[in-house]
Amino acid sequence: MINLSIIIPVYNVARYMERCLQFVDAQTLHDIEVIIVDDHGQDDSISIAKNLTQKHTRKDIHYVFTQTPVNSGPSVARNIGIQAAQGEFIAFLDADDWVAPEMYEALYRNAQMYQADLSCCNLIQDYEDGSPSKVLANPHVENGEFTQTAKKYFLRTFISYFTSFIYRRAWLLEHDLHFVQTKSAEDSSFLACCLLAAERIAQTDEPYYHYVIHAGSLTQRKVWKGTEKRKAFNAMIAFAKRKNVLSIYWPQLFYVYAKKALVVPVMEMIN
C-alpha cells in the first residue's frame, strides 16, 4: 500500500531538481510514490530528474514520470498528478522548494491519529539572496472535527500555503477537488475549497516546508493578475454553491474574494 503520493510539477527548474529530490529521498515516511509531471520546459529538468531517480537506493520510494499534453501550467500538471496518484494521501511539492526529512511522516501520522481529511504543518520562507528566513504559520485550530467555528476562523485568516498540507486522496476524488485552470490564485482557490469540504483536520506547528523566494519567480513579476484571480475565486464561490454551504460561510468567502481577488492584485502592482 502506498501511504503518500507526492506530486511535483516540473518546468525549467533544472538547478533545483537535485536538492528537491534529495530531500524527498530523505523522508522518514515509508512507501511513497513520487509523481513527476513534465510541463515541457526548455531546460534539462526532466533528464536530471530521471538520472537522479535511477541512482536512488530506497526500494520503498517509487518514481513515476508523466507529462502534460503541451505546456499548460501548474494547475493542469497537478490535476494530472491527482488522477495518476495511488497513495492514501496526496502532497504537492514545488520543485524549487524543499521539505524537512520528517515532514511527511509527521503529517501522515497526525492524519491517521485524527482520521483527518487534511493534515498540515507550518513553513519556513527562505530567500536566495541571503535575507533572514522567517516562519509562515497556518491558522491554528484544534485537531479532530473541523467545526463551523474553526472553519470560519481558518477561512478568514489563511494564506495559500497549500503545499504545507497533505490531502486524503479518496476524499479529494469524492468531492471533485482540483485546481482551476487560471494563471494566478489557483492554489488559494483550491485550498479554500478543500477547507470548505473538510470534516476533520490535523496540524502541527512545526515548520517543515521550506518555501524558497528567488529572483525572477512568477510571484516577483509585476503583471496584472486581477482577471485571473477573480476567475479562481469565482470557482471557489461556485464550489460553495454546489456543496450548499455558501449561506453558512458567505461572510468569510466574501472577505476572501474581496481581499485576494480585488485588493491583492492592486497591492502587487503598487509594491
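Me: Where is Q115 in this predicted model?
Reply: The model is a predicted one. Q115 sits in the loop between α4 (103-114) and β6 (118-127).

Me: Why is Q115 called exposed?
Reply: Its relative accessible area is 56%. Exposed means over 50%. Therefore Q115 counts as exposed.

Me: What makes the phi of Q115 worth a remark?
Reply: Most residues other than glycine have a negative phi. Q115 is not a glycine, yet its phi is positive, about 50°. H40 has a positive phi too, near 60°, and is also a residue other than glycine.

Me: Where is H40, and why is H40 called partly exposed?
Reply: H40 is in the loop between β2 and α2. Its relative accessibility is 26%. Buried needs under 20%, and exposed needs over 50%. The value for H40 falls in between, so H40 is partly exposed.

Me: How do you know that H175 is buried?
Reply: H175 has 16% relative accessibility. The cut-off for buried is under 20%, so H175 passes. H175 lies in the loop between α6 and α7. Leaving out residues up to four places away in sequence, H175 touches A197, F239 and K243.

Me: What makes T163 buried?
Reply: T163 has a relative accessible area of 6%. That is under 20%, so T163 is buried. T163 is placed in the loop between α5 (148-157) and β9 (165-168).

Me: Which residues does T163 contact, beyond its neighbours within four places in sequence?
Reply: T163 contacts F92, D94, M103, L123 and Y209.

Me: Which residues does F92 contact, beyond its neighbours within four places in sequence?
Reply: Among them are I7, R78, I82, Y104 and F162. Others include T163, Y167, F179, F190 and Y209.

Me: Which residues of helix α3 are buried, and what covers them?
Reply: In α3 (residues 74-84), the buried residues are S75, V76, A77, R78, N79, G81 and I82. Their cover includes strands β1, β2 and β4, and helices α6 and α7.

Me: Why are α1 and α2 called roughly parallel?
Reply: Their axes cross at roughly 25° and come within 8 Å. Angles under 35 degrees count as roughly parallel. So α1 and α2 are roughly parallel to each other. Their crossing is right-handed.

Me: Which residues make the contact of α1 with α2?
Reply: A14, M17, E18 and L21 of α1 meet S45, I48, A49, L52 and T53 of α2. By class, that is 6 nonpolar, 2 polar and 1 charged.

Me: How do you know that α5 and α7 are roughly antiparallel?
Reply: The axes of α5 and α7 cross at roughly 170° and come within 10 Å. Over 145 degrees counts as roughly antiparallel. Therefore α5 and α7 are roughly antiparallel. K151, F154 and L155 of α5 meet A192, L195, L196 and A197 of α7. The contact has 6 nonpolar residues, no polar ones and 1 charged.

Conventions:
Residues are numbered from 1 along each chain as its sequence is written. This is a predicted model: local features need pLDDT of at least 70, side-chain atom pairs count only at pLDDT 80 or more; totals for chains, interfaces and linings use all residues. Side-chain values use heavy atoms; hydrogens and water are left out. Buried means under 20% relative accessible area, exposed over 50%, partly exposed in between (1.4 Å probe, protein chains only). Helices (H or I, at least four residues) and strands (E, at least two) are DSSP runs, numbered from the N terminus. Contact means heavy atoms within 4.5 Å. Axes are lines fitted to C-alpha atoms, for helices over the stretch in contact, and angles run from 0 to 180 degrees between N-to-C directions. Angles under 35 degrees count as roughly parallel, over 145 as roughly antiparallel, 65 to 115 as roughly perpendicular and the rest as oblique. A crossing is left-handed if the near helix is turned anticlockwise from the far one by less than a right angle, and right-handed if clockwise. Ala, Val, Leu, Ile, Met, Phe, Trp, Tyr, Cys and Pro count as nonpolar, Asp, Glu, Lys and Arg as charged, and the others, Gly among them, as polar.
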